[in-house]
Amino acid sequence: MTERTITLCYRKLIDASATRPWDKLVFAATYREFCLQAQYFNQEKRYHSLAELLQHAPGAAQLPFLVSGAVRGYLQQLNGQVPDVADNLGRLFLKFTQFQFNLLASDVLDQARHQVAINFYSEPLVWHDTVGPYLLVSAPPGTATAGEIPTRLFQIQPYLSIHSLQATG
Amino acid sequence: MERKHFLKSLLAGVASAPVLLAACGKEDSVTPTTITATTTGTTSGSGSCTVVPTETEGPFPTHTPSSYVRADITDGKAGYKLTATLTVTNSNSSCTALTGVLVDIWHCDAEGNYSEYGGSGTQSTNYTAVHFLRGRQTTDANGQVVFTSIFPGWYSGRATHIHVHVYTASGTSLKVTQIAFPEGTGTAVAAVGGYAKGLTGYTSNKSDNVFSDDTAGVQLASVTGSTSAGFQLAFTLAVPA
């Protein structure tokens, strides 16, 4: 098989059903920031849902960007490690620096309707082979290395996708 | 399909998503499991479960304030230093200082651009990148906050300005306003000269659609200093609290 360099995208959805500590903190922080920032676009208090704001309030399309300010500190706590996605030995292995924050739904009157997504874009990986349902990958060699290289075996799972591909062979 | 219904169907799709995650994610690591997968439709191939993380989850997550909470909002942006001291008073209480309220400020950089990545929202961004020239602080016992920033540039159609949003400690909006800068000979605006783009086409306060009605100068800050030593901006705003 031709070796290819891929990047992965893991889309992490966070809503009111979040149970992990990090997820719950992100949920609460982004909801609070939404409630703060939404008021700028809703000074007559005519709207309460994100959908209404996006449809009627000029400039409200900035809200995802503005709310993302609440999430950056939490991303830094991850130390560049994509959460949740483990290799077949159960180890987190994906590194990221790029992310994209999405505000999916929210409502200033109902926290339960708040939903966000964080897309984590992984650092490049070399895709060597496919073993059954698993992809065999390794970090791209920094310098030309001879002999064996450490690899990871992982499975494409829900909300994990190949984001980009480049033939290297 | 009507937009409303389309949105609804979109939300319904999103709402059902966490079930799938819950089905294959385990909060606490145990030994690798061989649960029969119940994922339907979304995975191709065998559809078998993914091994759960067996590592301890990093440092325990801690509450982190919004990245806006800081005194220096410069973020490496080039420009003449500006120290902005804002004092918030209560117009419902003889203009006494308001302690413990949140003050957001934001303004454009020397070229006249605001921080906002990918206007279309389709672009990813580096998580260490910053929301430059945006900040939030809580007023002290004197009702004051002090921000360190750069002197704002300008853009077509607007006079030099800084946006301000004041909230109660619990986050309820008290006031949205903008701070205007004195202009004309000898002022900071003249000294900065609009930075690289000059002042040709600059909108003066009296032609500005936000400040033109402020004949009493309520939105006008006091600005002193020089390009070499930096500028000091002082502004007091009374809000009904």
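Helices, of at least four residues, and strands, of at least two, are taken here as DSSP runs numbered from the N terminus. In the predicted model, the elements of chain B described in this way follow one another from the N terminus in the order α-β-β-β-β-β-β-β-β-α-β-β, so that the chain has 2 helices and 10 strands by this definition. For the complex as a whole, the predictor reports an ipTM of 0.86 together with a pTM of 0.82.

Of the 241 residues in chain B, 30% are buried. When contacts in chain B between residues at least 6 apart in sequence are considered, 71% of them join residues at least 24 apart.

Within chain B, 4 strands form an open, antiparallel sheet in the order β5-β3-β7-β8. The edges of this sheet are formed by β5 (134-138) and β8 (173-180) of chain B, each of which pairs on one side only, and neighbouring strands are turned against each other by 20° on average, direction ignored. The pairing of strand β3 (residues 102-106) of chain B with β5(B) is antiparallel and extends over 5 bridges; B:Ile105 stands opposite B:Gly135, the latter lying in β5(B).

In chain A, strand β1 (residues 4-14) pairs in the antiparallel sense with strand β7 (residues 160-167) of chain A over 7 bridges, and A:Thr7 is placed opposite A:Ser164 of β7(A). An antiparallel pairing over 6 bridges also links β1(A) to strand β3 (residues 115-122) of chain A, where A:Ile14 faces A:Val116 in β3(A). Strand β4 (residues 125-131) of chain A likewise runs antiparallel to β1(A), to which 3 bridges join it, and A:Ile6 stands opposite A:Leu125 in β4(A).

In soluble globular proteins, nonpolar side chains tend to be buried together. The largest nonpolar core of the model holds 83 residues, among which A:Tyr10, B:Val103 and B:Val166 touch the most other members. Helix α1 (residues 21-38) of chain A gives the most to this core, contributing 9 residues. A second, separate core of 5 residues includes A:Leu125, A:Trp127, A:Leu135 and A:Val137. The surroundings of B:Val166, when residues up to four places away in sequence are not counted, consist of contacts with B:Val88, B:Val101, B:Leu102, B:Val103, B:Leu174, B:Lys175 and B:Val239.

Helix α1(A) is itself mostly covered, as 13 of its 18 residues are buried. From its first C-alpha to its last, α1(A) reaches 25 Å, which is close to the 26 Å expected for its 18 residues at 1.5 Å a residue. Elsewhere in chain A, A:Phe65 is located in helix α3 (residues 63-68). A:Phe65 counts as buried because 20 C-beta neighbours lie inside 10 Å, the cut-off for a buried residue being 20 or more. Between A:Phe65 and A:Leu54, which are 11 residues apart in sequence, the C-alpha to C-alpha separation is 13 Å.

Terms used. Residues numbered from 1 in each chain as written. Chains lettered and ligands numbered in written order. Predicted model: local features only at pLDDT ≥ 70, side-chain atom pairs only at ≥ 80, totals over all residues. Core = buried A, V, L, I, M, F, W, Y, C linked by C-beta atoms within 7 Å. Buried ≥ 20, exposed ≤ 12 C-beta atoms within 10 Å, placed from the backbone. Contact = placed C-beta atoms within 7 Å. Expected span 1.5 Å × (residues − 1). Pairing = 2+ DSSP bridges. Axes fitted to C-alpha atoms, helices over the stretch in contact; angles between N-to-C directions.
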